[in-house]
Amino acid sequence: PVGEGRESCVRCHSGVGYIDYTSGEEELRTDYQVITCAVCHDPHDASNPNQLRVFDSVSLPDGTEVAQAGPAATCMTCHNARRDPVASVDAAVAGESFGTPHHSVAAEQMNSTGGYTWGETLPTSTHGRAVEDTCITCHMGATPGMDNNGTPDDNSDDTPLPGHNTVGEHTFAVKDADGNENVAVCQTCHDYAESFEFAARGDYDGNGTVESNQVEVEGLRTLLEEALVEAGVVPTGGHPVFEFPDGASADLYGAAWNLEFTLSGGTAVHNLRYTVALLQLSYEKVTGEPVPNAYILPPK
């Protein structure tokens, strides 16, 4: 997504666009440049740690001001919804177009914001507060090392451990194409972790089985999508993402926003409680009833 007419895209999808955006330029260059080292790190300015162009503070689209984010402010500059949920819903109710969140909403998730909450305060998980440097600690954790094959004094037969240089550090990946997960980043706090799929603490989707967090979230998303379809909302699989019936209410637009907001599987890791509460609240707003047989967050 670069070139003329893509000014709103190149701020993240082109190196020169990102440099212009973070430098405060009014007109962004729209030609394509790969995201090289010098895009995030300014070779001519050492005022920030690691010469990062963005450090410590960032403004999210819904007006949330994030302070003391450290190097994660660089990540949050791009990995956000790009839109304010309240403004999007209000505009749609007023007859204007409905803007859905851009994918990769990790910044909002880590800061317990970005969903359409109908003014309610929702529960939140602790990752955004407890994990030092948030994004950086997990996505740039140490890459798996080398197996010395029982010969610690001879590295000639050393072999890479699964995930070596394909997860962690500047790959930014926590899982590679072969399915290797950098679970070590979780084990600092969750010493029992063997994968990123933790067993849920309750039956959030009410299907009678307590499954993993990710499966519970997908169950809730399925329930909400079915409820929206029953109410006349049509997911298009394209753009615009949804078609709404005439006179659609804020409840329908807000629930549709939250369905799209929770699309990424990472939402179950970044902020499970906020994600579950958003989906359960959305279902109740659309149907008039809580999710049947579910463990509701917060408890009611």
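Select Gln214 and, leaving aside its neighbours within four places in sequence, you will find it in contact (heavy atoms within 4.5 Å) with Phe196, Glu197, Phe198, Gly265, Ala268 and Val269. This is a predicted model, in which local features need pLDDT of at least 70 and side-chain atom pairs count only at pLDDT 80 or more, while totals for chains, interfaces and linings use all residues. Residues are numbered from 1 along each chain as its sequence is written, and side-chain values use heavy atoms, with hydrogens and water left out.

Gln214 has a relative accessible area of 16% and is therefore buried, a term that means under 20% relative accessible area with a 1.4 Å probe and protein chains only.

Next, select residues 213–230, which form helix H10, where Gln214 lies; helices here are DSSP runs of H or I with at least four residues, numbered from the N terminus. The end C-alpha atoms of H10 are 26 Å apart, in agreement with the 26 Å that its 18 residues should span at 1.5 Å a residue, the expected span being 1.5 Å times one less than the number of residues. Colour the buried positions of H10, among them Asn213, Gln214, Val217, Leu220, Leu224 and Leu228, and then display H11, helix H12 (267–270) and helix H13 (272–287), which are included in what covers them. Past the helix comes Gly232, whose phi is positive, near 105°.

From Leu228, move to the largest nonpolar core, which has 41 residues and in which Phe98, Leu228, Phe242 and Phe244 have the most contacts; such a core is a set of buried Ala, Val, Leu, Ile, Met, Phe, Trp, Tyr and Cys residues joined through side-chain atoms within 4.5 Å. Helix H5 (85–93), H10, H11 and H13 each supply at least two residues of this core, and H13 gives the largest share, nine residues. Centre on Phe98 to see what it touches beyond four places in sequence, including Val89, Phe242, Phe244, Tyr253 and Trp257.

Finally, show the lining of the second largest pocket, which is made up of 32 residues, with Arg83, Thr100, Pro101, His239 and Val241 nearest its centre. The elements giving two or more residues to this lining are helix H1 (7–13), H10 and helix H11 (250–261), and the largest share, four residues, comes from H1.

Note on methods
Buried means under 20% relative accessible area, exposed over 50%, partly exposed in between (1.4 Å probe, protein chains only). On a 1 Å grid over the protein atoms alone, a cavity is a set of points where a 1.4 Å probe fits but cannot get out, and a pocket is an open set with protein on both sides within 12 Å along at least five of seven lines; lining residues have an atom within 4 Å of a point.
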